[in-house]
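Please walk me through this structure step by step. I am new to reading protein models.

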Amino acid sequence: MRASLRSASVLLTSALLLAACSSGSDDSGSGTAAASSCKPSSGPVTLTYTSWIPDLEEVVKVWNAKNPNIQVKVQTGPNGNSGTYQNFFNQLKAGNAPDLGHIEYDALPSFRVQDGLADLGGCDIVAKAKDQFVDWTWNQVTFGEEGKVFGVPQDAGPMAMFYRADLFSKAGIAPPTTWDEYAAAAEKVKAAGGYITNFSQSDINQFAGLAWQAGGRWFANDSNQWTVSMTDPNTKKVADYWQNLIDKKLVSTVPPWTPEWDNAYNTDKSWTWVSAVWGANSIATGAPKTAGKWKVAPMPQWAAGEKKAGNWGGSSTAVFKTSKHPYEAAQFALWLNTSEEALTLLNEKANLYPATKAGAALPALKKGVKFYGDQPIYDVFAQASTEVAPDFTWGPTMTSTYANASDGFKAAVSGKGTLVDALTAAQASTIQTLKSQAIPVKE
Amino acid sequence: MSAPAIKVRESILSRTAAMIIMGVCTVYFLVPIWWLFVGSSKSREQITGTNPIWFADFNLGANVRELLEYRDGVFLRWMFNSLLYTGGAALLGTLLAAMCGYAIAKYRFPGRETLFNVVLGGVLVPASALALPLFLLFSKVEGTNTFWSVFLPSVVNPFGVYLARIYATASVPEELLEAARLDGSGEVRSFFTVSVRLMFPALVTIFLFQFVAVWNNFLLPLVMLSDERLFPVTLGLYSWNSQVTGIPELRGLVIVGALLSITPLVVAFLFLQRYWRSGIGAGAVK
């Protein structure tokens with residue numbers, strides 16, 4: 001918590017620095033003005049909301065029907081890193097950004113650093129909502145800054161282990177509960193003709209989730225600058241662990257999210273997947289032949305008896321600084337992400353797992369899931385959600401950090417270099433990127 | 001075609017080698033399309049579970065229906081938009097390019113060469129480099145996220161002007177224009193009734209070039225548009241494809257959508273390839 005508090009002050013300094021550098025002289029200092037001016041507008045307002053959540057219109061329709069004076073218009077685009085974030089930045093520059101935007105937690109700091117987000121800390125309704133959200137998600141949107149809120153948490157991706165219960169029991173292997181057991185099981189699975197899992201060469205945020213669980217903290221700040229530590233001892237431990245499995249050829253390494261990858265799960269080749277809650281749908285759709293054969297267990301632990309989980313994904317509903325109606329925008333964002341009707345619809349239409357504490361108790365998330373042999377799998381994730389450490393901070397240039405690390409990971413799985421090499425290189429280039437954007441960073 | 005005076009007998013060996021190379025190239029270029037076609041005919045389960053280059057149960061009809069019904073038929077809307085953006089811009093752009101190139105070729109006026117050189121300089125600027133400046137310009141007049149924000153920039157075609165000038169110089173004789181003038185035809189009328197006909201092969205080439213260029217200019221709509229109803233099909237499919245991580249159901253739709261979206265291009269090329277080839281030849285020689 002303290003670490004992120006410090007990180008926040010750095011973010012603020014760098015944001016001001018950037019604002020000072022950029023030509024728009026009139027917006028410096030308006031950050032504080034926006035915070036205090038979080039007052040309801042008079043008369044009817046129309047808000048625009050850009051998001052790539054599928055069928056969001058259906059959810060918004062419910063709101064629009066009930067709130068004739070606050071009408072929300074949905075706009076869309078490709079997934080954030082595929083273009084929508086860049087569009088947001090362009091629109092902020094041109095002054096025609098939407099009122100609300102869908103921003104994943106790992107992208108939120110980059111918008112904060114560019115001073116693109118409205119501070120909702122001055123909206124009484126937002127400040128009051130704090131206790132409704134799972135602690136770590138709230139930290140993602142406040143960056144630990146006292147009295148400031150830069151978005152409303154929307155969904156979370158607590159991680160657990162999906163595994164093929166049928167194959168494990170047939171081979172007489174107990175489902176692993178620690179990473180040591182997982183590695184031992186990997187040998188036996190290989191002997192039985194499969195792979196314990198597929199190591200993803202491009203889902204760096206999945207790897208971040210694994211490091212998150214192990215205590216790795218990639219970004220932090222002291223009083224006035226960023227520290228990048230993608231090779232801290234805990235992250236190294238995770239990297240060495242997977243490197244070992246790769247070297248021994250105990251994991252497959254096909255590119256993820258391809259038909260080939262689906263096929264590995266569909267044809268009994270891959271036995272487990274340590275993934276986020278939304279992965280439940282990925283397996284069910286990608287590997288339909290395996291219906292009824294999967295189960296979900298907590299993530300393997302680094303020490304027996306520990307209870308720690310990682311997180312992969314999750315996003316917020318942020319209000320852009322250029323919005324003329326931050327109060328109404330905040331009102332809508334809170335309804336969207338805390339009300340039972342909206343959360344139920346979001347889960348049903350878009351498979352989002354709520355970031356609120358109460359959200360875990362939605363009727364839809366209490367039921368047994370047919371694909372998983374009627375196991376109430378969301379109970380496992382609800383538990384995991386409470387075990388995610390709250391002090392993981394994302395850096396302000398994750399898009400390029402991911403790209404760099406992914407290049408190294410791709411090389412590592414084909415035998416050129418190691419995962420640690422990849423992380424070392426990604427760290428160096430991340431520092432370079434921060435410097436080139438005039439964001440203070442420790443060498 | 002009369003038989004050539006000297007008959008060169010090719011050796012069997014070189015003929016075979018040429019055939020093999022052509023064959024390999026053909027296969028290389030056709031396999032992705034074949035895969036697309038086969039993939040489109042499979043049900044969602046079979047895309048991953050069966051041989052990727054051979055058919056399983058033939059479900060093309062059902063897949064197409066699902067695609068057309070998804071989100072109230074937004075795919076059809078995208079196809080229509082694409083045709084409007086590309087077809088409309090290519091038609092109008094060809095007309096403007098033809099008029100401009102013709103004027104530069106046939107009329108002497110001060111600054112003619114400067115004008116032509118500036119246009120020629122425009123050929124060197126890639127369309128994608130202009131997307132962001134155009135976005136900022138359109139933002140100034142609050143014109144982003146409209147049909148016009150994609151359509152208007154697409155109409156501009158400096159390469160077409162270049163081609164039209166070259167072709168007009170070569171294929172429209174001064175004497176003919178002189179004769180038309182003597183017969184009392186105005187300049188505009190001469191252009192449409194005489195010159196356009198003579199320039200026709202070049203115009204088809206310009207049209208095709210621009211059609212393809214606009215179709216491929218993906219960045220402009222990506223930057224300009226945020227209303228799904230205005231998307232061209234390329235951007236729409238790209239959006240879906242960028243979401244398959246969260247919504248794996250979309251993958252099948254993207255495959256069928258890709259197949260349907262290339263169909264108009266394939267048809268256009270099959271019908272117009274004759275002009276296309278002669279146009280490229282003309283551009284290359286002159």
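This is a predicted model: local features need pLDDT of at least 70, side-chain atom pairs count only at pLDDT 80 or more; totals for chains, interfaces and linings use all residues.

Start with chain A. This chain is divided into two parts. Domain 1 covers 2-156 + 313-368. Domain 2 covers 159-310 + 392-436. How far apart are the domain centres, taken over C-alpha atoms? They are separated by 29 Å.

Now look at the aromatic rings. Over all chains, a search of the whole structure turns up 70 aromatic pairs. One pair is made by B:Y28 and B:F29, with ring centres 5.4 Å apart. Why is this pair edge-to-face? The two planes stand at 80°, and an angle over 60 degrees counts as edge-to-face. Are these two residues buried or exposed? B:Y28 has a relative accessible area of 61%, so it is exposed. B:F29 is exposed as well, at 58%. The cut-off for exposed is over 50%.

In chain A, the charged end of A:R164 sits over the ring of A:W294. The distance to the ring centre is 5.8 Å. In chain B, B:R165 lies over the face of B:F116. Here the distance to the ring centre is 4.3 Å.

Finish on the surface of chain B. Which residues form a nonpolar patch there? They are B:V27, B:V31, B:W34, B:W35, B:I53 and B:W54. Together they have about 560 Å² of accessible area.

Technical notes: Residues are numbered from 1 along each chain as its sequence is written. Chains are lettered from A and ligands numbered from 1 in the order in which they are written. Side-chain values use heavy atoms; hydrogens and water are left out. Rings of Phe, Tyr and Trp (its six-membered ring) pair if their centres lie within 6.5 Å; planes under 30 degrees apart count as stacked, over 60 as edge-to-face and the rest as tilted. Buried means under 20% relative accessible area, exposed over 50%, partly exposed in between (1.4 Å probe, protein chains only). A charge sits over a ring if NZ of Lys or CZ of Arg is within 6 Å of the ring centre and within 35 degrees of the ring normal. Patches are made of residues with over 30% relative accessible area and no salt bridge: like charges are joined within 9 Å, nonpolar side chains (Val, Leu, Ile, Met, Phe, Trp, Tyr) within 5 Å. Accessible areas come from the Shrake-Rupley method with a 1.4 Å probe; for residues, only the protein chains shown count as cover. A salt bridge is a side-chain nitrogen of Lys or Arg within 4 Å of a carboxyl oxygen of Asp or Glu. Domain bounds come from an automatic or database domain assignment.
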